[in-house]
Amino acid sequence: METALQEIYEKLGAEGLRIARRQARAVAIDSFSWVVWSLLFACIMLDESRSARLSRWLGGGDTLGALKVVLAILLLQNIYVALVEGYSLYQKESRIGTNRQSLVGWLKSRLKQRLLESVIFGLFYWGVYLAFRSRPDNWLPLVAVLVIFLLLVIYLSGYLQVRAGFEVEPLADDSFDTAMKRLFSKAGFKYGGVNVVKASDKTTRVNALLTSKGGRLSLFIFDTLLEAMEPEEVEFVAAHELGHRASNDIFWRLSLHGVLMLIGVSIGHEMISRAQGHWGLYGAADVASLPLLLFGVSAWTFVAQVIPNTYMRYREYAADSYALRLTENPSAFKSALVKLTTLNFVDPEPPEWLEFWFHNHPSVAKRLRRALRFRDALR
Ligand SMILES: [Zn+2]
């Protein structure tokens, strides 16, 4: 396993390592930028009571008008963020060399994603304000139900985004199909087939995800990953994902996010209640206060992310050892990890504080070390 780490450093090279380190830091910078941007957005919207005036203009006092206001504010925020981050993100991806889209194509797909987000979060925050209005002293249970819906939609939209952004076709490879069927049944899951996601004309990044439909699990796999990996390495990637499924990691992660989101909305509620009388706002029932609520939630999310990240890192180890038990193929684990790391330009040993706060995967070096211990235990 130590040689695997050496191999990663050799394959990345000096330039690759520089990119990987920049990417590791970017997670923290992007996360912090989001807070700064939502603060700036709140300042712009609240200054000269712009938000309040917009709300009056769209009739934010009644139920349907409130929806219009919420959608308008989220749309404005998303356009604003897309403009600020969109171009720099494109440049970053192109500089790294993982992007294969033109600027126009890239902006289009980002904009589509942002529009979808505006609608999803628009409906959510609309419901939140209706809850604040109808039950000023007991809105929490209603908002809790909304959070559950929101998380379900976000969970499904990951899959929908893949379907909307890429062409997908069933895999035509009988021997691989047979191997996958065996793997799924060994893990105790009903097999729903393998689908290839045509990602290679847009990106060089590699990815794989599982989705369930009618009680069967299907594997969606990027063609970039199929191209780069041997069948037994792909099998390991699938086995790792099955490990997450087997212990319901996604459910627990979403539940954790739900609780944190609820705390975030409570903090935001406190802020907008205190803002009453400022910037033309009249309290928690006023949809014009949304920019402030959004800032409260994003600031809280920035601080609180350490909790789900720590949980997920711990679950990654569990999924690794599940996959090692299932495949009994430590060398496929090793080589798959080497490829995932070098293809996606991952820093194998990021600074400890960065990993603790911002990363939802343990460092590759740590995963390799764990697997080594596991292999020794098998002997
Ligand atoms: Zn994982």
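Residues are numbered from 1 along each chain as its sequence is written. In this predicted model, local features need pLDDT of at least 70, side-chain atom pairs count only at pLDDT 80 or more, and totals for chains, interfaces and linings use all residues. The chain has an average pLDDT (the predictor's confidence in each residue, from 0 to 100) of 88, and 94% of the residues score at least 70. Among its elements (DSSP runs numbered from the N terminus, with helices being H or I of at least four residues and strands E of at least two), the highest mean pLDDT, 96, belongs to helix α10 (residues 290-304), and the lowest, 79, to helix α14 (residues 364-378).

Helix α5 (residues 140-165) packs against helix α9 (residues 249-274) at an angle of about 130°, the axes being 10 Å apart. Axes are lines fitted to C-alpha atoms, for helices over the stretch in contact, and angles run from 0 to 180 degrees between N-to-C directions. α5 is therefore oblique to α9; angles under 35 degrees count as roughly parallel, over 145 as roughly antiparallel, 65 to 115 as roughly perpendicular and the rest as oblique. On the α5 side, the contact (C-beta atoms, placed from the backbone, within 7 Å) is made by V143, A144, V147, I148, L151 and Y155, and on the α9 side by L254, H257, G258, M261, L262 and V265.

Strands β3 (residues 208-213) and β4 (residues 216-222) pair (DSSP finds at least two bridges between paired strands) in the antiparallel sense over six bridges. T211 lies opposite S218 in β4. The hairpin of β3 and β4 has two residues between the strands, and G214 takes a positive phi near 55° there.

Definitions and conventions
Two residues are in contact if their C-beta atoms, placed from the backbone, lie within 7 Å.
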